[in-house]
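Let's take a walk through this one together, starting with a strand and its neighbours and then moving out to the helices. Have the sequence and the model open as you read.

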Amino acid sequence: MIKNDLFLRALKGETVDRPPVWMMRQAGRYLPEFMEIKHKYDFFTRCQTPELASEITVQPIRRYGMDAAILFSDILVIPQAMNIEVEMKPNFGPYLPNPIRSQKDLDSVIIPDIQDALGYVMNAIKATKEKLNNEIPLIGFAGSPWTILCYCVQGQGSKNFDKAKELCFTNPILAHSLLQKITDTTITYLKAKVEAGVDAVQVFDSWGGMLSPVDYQEFSWQYMQQIIDALKDNAPVIAFGKGCWFALNEMAKSGASALGVDWTCSARNARYLSGGKITLQGNFDPSRLFSPPKEIKKMVTQMINEFGKDKYIVNLGHGILPNIPLDNAKAFVDAVKEYKK
Ligand code: CP3
């Protein structure tokens with residue numbers, strides 16, 4: 001039914017002429033048309049207004065023609081729906097004025113009715129599906145429970161999320177109760193997104209790499225696994241753990257359809273660690289988009305040759321940076337479309 005289904009075929013591991021391409025955070029501040037809307041409406045208004053969220057989602061598609069769209073929203077709509085206040089402060093990023101640090105704090109955290117609290121996301125999905133007109137698939141996403149806990153406990157972004165780790169290691173029972181509440185909410189949320197029309201889901205464990213391999217199993221992976229178990233029969237799941245190369249072997253056995261890889265792990269090592277059968281996604285260093293377009297094209301072609309054209313989705317190793325020139329982003333996408341084996 002979807003005209004360009006390269007992305008869905010790569011998720012199934014089918015043979016393709018060229019790999020599909022999209023970019024994490026492709027709907028973002030490097031686009032002048034995004035900045036125009038950003039100057040008029042604050043962050044959560046953009047997320048909560050289906051007309052704006054769907055428009056922002058299709059902006060990069062119109063300009064570059066990626067093979068998949070990702071719904072404009074944020075991972076922090078989940079804590080917000082769970083009765084934790086979340087602000088997006090200009091030039092600062094996420095700010096949670098009442099972080100969760102005690103049992104009393106946790107008692108105020110609710111497992112929300114998804115339609116009541118996040119019905120606007122489902123409406124944004126329906127509006128986006130209409131705009132996409134079955135041309136390409138739409139990706140829905142959520143943060144991993146660990147990554148969401150990081151913000152809920154730290155109260156803001158951080159280089160090391162020391163307060164989040166302190167809570168896990170001094171009061172693991174409290175941390176696990178919070179992680180389970182986030183997991184339960186996320187499962188219902190992602191199922192509702194699939195029901196509303198997304199064709200695949202990605203779970204972003206952006207801060208999984210902050211944990212040691214042993215702590216990763218305890219505080220992140222077991223909850224990611226619960227989400228994959230609950231979703232995998234509803235839609236393909238992509239598990240992206242930044243800095244989590246050490247877990248690729250375990251992740252490959254999880255039932256996920258694909259695994260995200262960042263640029264600190266070579267294609268060869270990622271294939272080796274993940275066992276060679278599962279689809280991989282990544283792993284261009286987002287800062288490498290500062291290289292001249294000609295060089296970007298060369299590096300992208302080389303990256304495809306290293307991963308192989310099959311069981312592979314071309315992407316960055318993390319989100320695109322706000323100050324990337326438009327022509328450089330174009331070179332990244334074009335290099336994939338021009339790829340010939
Ligand atoms: O990928 C896309 O195009 C879809 C949109 C998307 C956003 N956030 C929009 C956004 C996605 C997939 C996210 C996920 C997200 N949000 C993650 C996981 C992915 C990652 O990058 O690690 C995380 C950790 C967040 C939390 C978050 N939201 C932060 C840290 C920030 C501020 C940092 C910054 O770049 O300023 C946000 C705000 C945010 N979310 C912006 C966008 C486009 C920028 C601010 C704005 O538009 O006003």
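How many bridges join S8 to strand S9, and do they run parallel or antiparallel? Five bridges join S8 to S9 (residues 312-316), and the two strands run parallel. Strands and helices here are DSSP runs numbered from the N terminus, with helices being H or I of at least four residues and strands E of at least two. Two strands pair if DSSP finds at least two bridges between them.

Before going on, a word on what you're looking at: this is a predicted model, with local features needing pLDDT of at least 70 and side-chain atom pairs counting only at pLDDT 80 or more, while totals for chains, interfaces and linings use all residues. Residues are numbered from 1 along each chain as its sequence is written, and side-chain values use heavy atoms, leaving out hydrogens and water.

Back to S8, which spans residues 279-284 and is mostly covered, with six of its six residues buried. Buried means under 20% relative accessible area, exposed means over 50%, and partly exposed is in between (1.4 Å probe, protein chains only). S8 is also joined to strand S7 (residues 258-260), by three bridges, and that pair runs parallel too. Getting from S7 to S8, the chain passes through helix H13 (residues 267-274), and this β-α-β crossover is right-handed. Right-handed means that, with the strands pointing away from the viewer, the path from the first strand over the helix to the second runs clockwise. S8, helix H14 (residues 293-307) and S9 also make a right-handed β-α-β unit.

Now for the charged side chains. A salt bridge here is a side-chain nitrogen of Lys or Arg within 4 Å of a carboxyl oxygen of Asp or Glu, and by that rule the count comes to 11. Lys297 lies in H14 and Glu338 in the segment after helix H15 (326-337), so the pair ties together parts that are 41 residues apart in sequence. Glu338 is partly exposed at 45% relative accessible area, and Lys297 is partly exposed at 28%.

Another salt bridge pairs Arg63 with Glu33 at 2.9 Å, N to O. Here Arg63 sits in helix H4 (residues 50-64) and Glu33 in helix H2 (residues 32-40), so this contact ties together parts 30 residues apart in sequence. Arg63 counts as partly exposed at 35% relative accessibility, as does Glu33 at 21%. Arg9 and Glu14 meet in a salt bridge as well, at 3.3 Å, N to O.

Last stop: helix H9 (residues 162-170). Which side of it is buried? Ala164, Leu167 and Cys168 are the buried residues to look for. They're on the same side of H9 because they cover an arc of only 100 degrees around the axis, the arc being that of the directions from the helix axis to the C-beta atoms. The face turned away from that buried side carries the exposed residues Glu166 and Thr170. What covers the buried residues of H9 includes helices H8 (145-154), H10 (172-196) and H11 (213-231), where contact means heavy atoms within 4.5 Å.
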